[in-house]
Amino acid sequence: MRLYRAKDYNDLSRKAANIISAQVIMKPDCVLGLATGSSPLGTYRQLIEWYKKGDLDFSEVKSVNLDEYKGLPKDNDQSYYYFMHQNFFKDININPENTHIPNGMEPDSEKECSRYNQVISDLGGIDLQLLGLGHNGHIGFNEPDTAFAKMTHCVDLAPSTIEANKRFFASADDVPRQAYTMGIKTIMQARKILLIVSGEDKAQILYDVLNGPITPHVPASILQLHSDVTVVADEAALSKF
Ligand code: GLP
């Protein structure tokens, strides 16, 4: 595991964007695993800037997103489909047919999860998976549990996740209670992982993730077992080290 210390969120975003750029340059038809939330916004902005300068080409890139709220249509401004389009895809030359996100409107969980697992396997797996970190140690929407979830599945969101994500909705009652997410095994099968963590409010959980025991109660702690993980965190997030 490599740990890079960034000065602040901007520095973190540039470092993360540099790592993703290197992946796209070295393998133009790579499969990028993408994430939502506040953490990757600066990274996407930086990648867009470099694309517009002519330094990056996404025409052959394929993408798979980590997760999606169950029950939110694509045109809902809180769906992760909408987020990815607004914050990244609409400003780069990725082919929309090459972008994949779980379908939150499929009510049959088993059907949607096996479809999504098949999408990832048909693409040949993920070359580089970008991850943010939830306050309770979740990655994607893999919440603390008594066992590590394997492949794509439907989860009940933890009260703390509903609380953390209510800032994007009119009220906590409007936050969907369930989501589809890649499983821990899906994430661990990515050839490379890039975890980005910003802010003092993530300092304790980042410490636990990297230094604590590997336990499903802190889902991201499993990353200690992956052979190619890069962590980029800002000074605030590293304040417990
Ligand atoms: C959300 C997402 C995760 C994200 C995490 C942290 O619930 N499902 O993929 O990494 O929470 O979000 P943020 O970056 O906004 O702190």
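## Basis

In this predicted model, local features need pLDDT of at least 70 and side-chain atom pairs count only at pLDDT 80 or more, while totals for chains, interfaces and linings use all residues. Residues are numbered from 1 along each chain as its sequence is written, and side-chain values use heavy atoms, with hydrogens and water left out.

## Ligand site

Around the ligand there are 13 residues (a heavy atom within 4 Å), of which Ser38, Ser39, Asp67, Phe141 and Lys202 come nearest. Taken alone the ligand exposes 390 Å², and the protein buries 94% of that (Shrake-Rupley method, 1.4 Å probe).

## Largest pocket

The ligand sits in the largest pocket, in the sense that more than half of its atoms lie within 2 Å of the pocket's grid points. A pocket here is an open set of points on a 1 Å grid over the protein atoms alone, where a 1.4 Å probe fits, with protein on both sides within 12 Å along at least five of seven lines, and lining residues have an atom within 4 Å of a point.

This pocket holds about 660 Å³ of space, and among its 36 lining residues Thr36, Gly37, Ser38, Asn165 and Arg167 are the closest to its centre. Helix H3 (80-87) is one of the elements giving two or more residues to this lining, and H3 gives the most, with five residues.

## Second largest pocket

About 350 Å³ of space lies in the second largest pocket, where Lys74, Tyr81, Pro96, Thr99 and Ile101 are the closest to the centre of the 19 lining residues. H3 and strand E5 (99-100) each supply at least two residues of this lining.

Notes. Grid points are joined across faces, edges and corners, and a volume is the space filled by probe spheres set on the points. Helices (H or I, at least four residues) and strands (E, at least two) are DSSP runs, numbered from the N terminus.
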